[in-house]
Amino acid sequence: MAYKLTVNGKSQTVDVPGEMPLLWVLRDVLNMKGTKFGCGIGACGACTVHVGNKAVRACQTPISTVNAEVKTIEGLSADGSHPLQKAWLEVDVPQCGYCQAGQLMSAAALLASKPKPTDSDIAAAMSGNVCRCGTYLRIREAIHLAANGRKS
Amino acid sequence: MKNMKTKQLDRRSFIKVSALAGGGMLIAFYTENGLLAQQRGPAPAPTPINPNTYIKVLPDNTFTIVSKNPETGQGIRNSLPMIIADEFDVDWKQVKIEQADRDDKYGRDMGAPTVGQIEGGSTATPQNYQPMRNVGATARAMMVAAAAKQWNVPASEVTTGSGIVTHTPTKRTATYASLAQTALAMPVPELSSVKLKDPKDFKIIGKPTPGVDNFAIVTGKPSFSIDVNPPGMLHAVYEKCPVFGGKAVSANLDEIKKLPGVKHAFIVPASPDPTPAPAGAPPAPNVRWASGVAIVADNWWLANNARKSLKPVWDEGPVASQSSAGYLAQAKQLSSTQASQTPAGGTPRSAKEGDAEAAFKTAAKIVEAEYAFPLLSHAPLEPQNSTAHYKDGKLEIWSPSQIPQIANAAVPAGIQNSDVTFHLVRAGGGFGRRLVSEYDIEVSKIARLVTDERAKQGLPSVPVKLLWTREDDIHHDNYRPAGFHYFKAGLDASGKLIAFRDYVASHGTTSVIPANEFPRGFVANFWVSEGQITPYGIPTGALRAPSTNGVSFVMQSFIDEIAVEAGKDPLQYRLDLLANPLVPAPPASPNSFGAPFNAQRAIGVLEAVRDMSGWKNRDKLPKGTGLGTAFQFAHSGYVAYVVEAAVTADKKLKVNKAWAAIDIGSQIVNPSEAVNLVQGGFIEAMSHMMAWEITIDRGRVVQNNFSQYQPTRMSQAPPSIEVKFLKTDFTPTGLGEPSLPPAVPAISNAIFAATGIRIRSLPLGSQGYRWT
């Protein structure tokens, strides 16, 4: 069945089963590889994208339920100019880097609703995103840097 | 190639210089790392030269440096090129990194147990630090010589910096690029004449340098193996028997093939048993694969969705009668007799010094304890995957392997090594999981079968990506071996440790027997032996810091118990033991890679972490809060932790703070990555502590996904993990592994300090503990 959706401001039509998760529509149909597969059950956050400004797990979002604009890591900014991307670069957050697209999308949703988050706001908003390499201290530092221009 | 010349620099290194099309030059090196040189023995280095490291000097005076090792998040794409760039004396911003493919030139030959392209064992820095310095410095010397010739001045009047040569007296300058033609026409310098930088003049080595792939990562550019997407690619899933060693007998393939998007479905028979290598030859490559059912479809979700309708019939085989409960029962039974059944081979698996039994009889105090740690899965965040294209008798493969020379993709495809092109792609975490890359073997087999089926239908070949689910990854790992330790210690009236006994119920050759661990060498009567749990059908392998990742927990926790029983400060008790070796240590060689345990370095990190953490004021902490310590010698490095933990009456645990003191020699190549790795090692240890456990029921893994195998989360991460590197006179060694092991006992010893409850088995989650 054909579904219309807007991804990063661009209109797209995809002909896929309605239960196909947004994650696989993005990765295998629209060929946008930035959003990652980690667990397939919404337990790791690697596939976090925004649907209508809310952070959702794309692996748990059937395409038939997508009723608002989708934003992915590719749409956060292509040139790395989003304050969170700049902070991630300055703090040198990544180790393997696989989770970081999802981390950035969760952090972007957090800052959109709470421009000056506390450590406990960050813990609450980011605990659905696993970093297997354990870069949490730097993620926290980078979110503070993006929010306040300071690292903590 | 025009202007090409080759020169032998020393017995193990060569240089080849050639012009680049469009201007500029290529300076290529063959350098053999120390371990390979040792393994090769007297054999000459290969000719003709097949360079394995190179610098391209481009006409715009920028430089491309090849990075040969697999990148899984340890930062090697930064650190090895940083070493070259610093000695070459260019600016880091002038450098671009190029990932090398797998090539036999990096190792002796296929199937060699130790190879030149490996992410494992924290070996890259110690093996490559000196060769990479030589590479950069030799290339710099060529630029200096070219400028001196061009200007007809003595080389001693010429300096370099930022890829520019300057004649100091006249202030004349020339870029490296402009000197390329002159350099090409000149003799290559003798390595013995090449001067390395004084480390105080390093401009890149030792400076925090962000990851070279960070921009691609934060903007979502395809960077990982899972992102590989050659034109026309199909997507595969591969269902294997949930019981280890089980085989696929049949499946409803006709039904599966009718499902939406499914293009191929077939049973892959198990690999034939490998033929043993002839005497004296290198071990046969690991080319075993498990039988299973492959489904290949237009996209991965369709392939995986079809899997829900799959009705495979398995021959589960003999492992189906085994379980974790059975292994534990056998361990207990073995411990009651302490029958020794030490298998041959591998690291020392038993040790007996003095007479522990006799000493126990004279001891003023006996301390006994049983310890256990479970099987662990690696769970890197990027599930296992690999992409292959079999076409016209050749195979092209894109893989996240940590050790591409080992998993021989040629064999399952039925071709020769020389017909395989193997691209190494950034991996979303390794942790040792990708030291076994059976997914490369599986995808090669599947790609061959897909091409063969399509040929029969008159269709062209296509690439195939195999992607495992998270469940596949947890169910089909090579697990960190479990351990069952039965300890006994004897103390004299002063609290001094006079006898130490560890009986280990082990399984297979990968089980860890701490026969050479501290306190060996510091206690007069020391006895470690093992008994084998058998049969044991679970595949085991290396997880980050193999051996010490489990053994540090049991040894450093039991030492802590002994100190407490002796009525001593646990940190000082360790220092006192270390200060009194049975035989005085010989003078330490500055070459620390692979060197034996050096008590002075262990004392150094323990004293440093004591002073950083305010250890002496630990009695002033509030009730329910305590400091714990542990140290470990692992992979040539020395790490000591102090952890502050708070525990409530209902077993809610919080790590308030951690301090690490680390000695990995004279130079940290990239301090930013180094601190990140240590903090990450600590965070991983928290996963080991609280929630990670693989259990076996009827020969299959019980846990399915992260919901039953919870990694540490942001809310549990301590506010601070303070890291201090001690700068010592030893050669630099690796850091990927050493930071993890002692973090586990430091936390469990802090729990004891906070509560008086001794943690003797892991994980804590199965004992009622939760993170706050």
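Predicted model: local features only at pLDDT ≥ 70, side-chain atom pairs only at ≥ 80, totals over all residues.
Chain A is divided into domain 1, which spans 2-76, and domain 2, which spans 83-148. The centres of domain 1 and domain 2 of chain A, taken over C-alpha atoms, are separated by 20 Å, and the contact between them draws 16 residues from domain 1 and 14 residues from domain 2.

On the side of domain 1 of chain A that touches domain 2 of chain A, the elements giving two or more residues are β3 (48-51), β4 (54-57) and α2 (73-76) of chain A, and of these β3(A) gives the most, with 3 residues. Sorted by class, this side of domain 1 of chain A has 7 nonpolar, 7 polar and 2 charged residues.

## An enclosed strand in chain B

Strand β23 of chain B, residues 525-532, is largely enclosed by the rest of the structure, because 8 of its 8 residues are buried. In a regular strand, side chains alternate between the two faces of the sheet. Both faces of β23(B) are covered, with B:Asn525, B:Trp527, B:Ser529 and B:Gly531 buried on one side, and B:Phe526, B:Val528, B:Glu530 and B:Gln532 buried on the other.

## Partners of β23(B)

Strand β22 of chain B, residues 497-506, pairs with β23(B) in the parallel sense over 8 bridges. Strand β15 of chain B, residues 351-353, runs antiparallel to β23(B) and is joined to it by 3 bridges, and here B:Glu353 stands opposite B:Phe526.

Note on methods:
Residues numbered from 1 in each chain as written. Chains lettered and ligands numbered in written order. Domains from an automatic or database assignment. Contact = placed C-beta atoms within 7 Å. Helix = DSSP H or I, 4+ residues; strand = E, 2+ residues; numbered from the N terminus. Nonpolar A, V, L, I, M, F, W, Y, C, P; charged D, E, K, R; others polar. Buried ≥ 20, exposed ≤ 12 C-beta atoms within 10 Å, placed from the backbone. Pairing = 2+ DSSP bridges.
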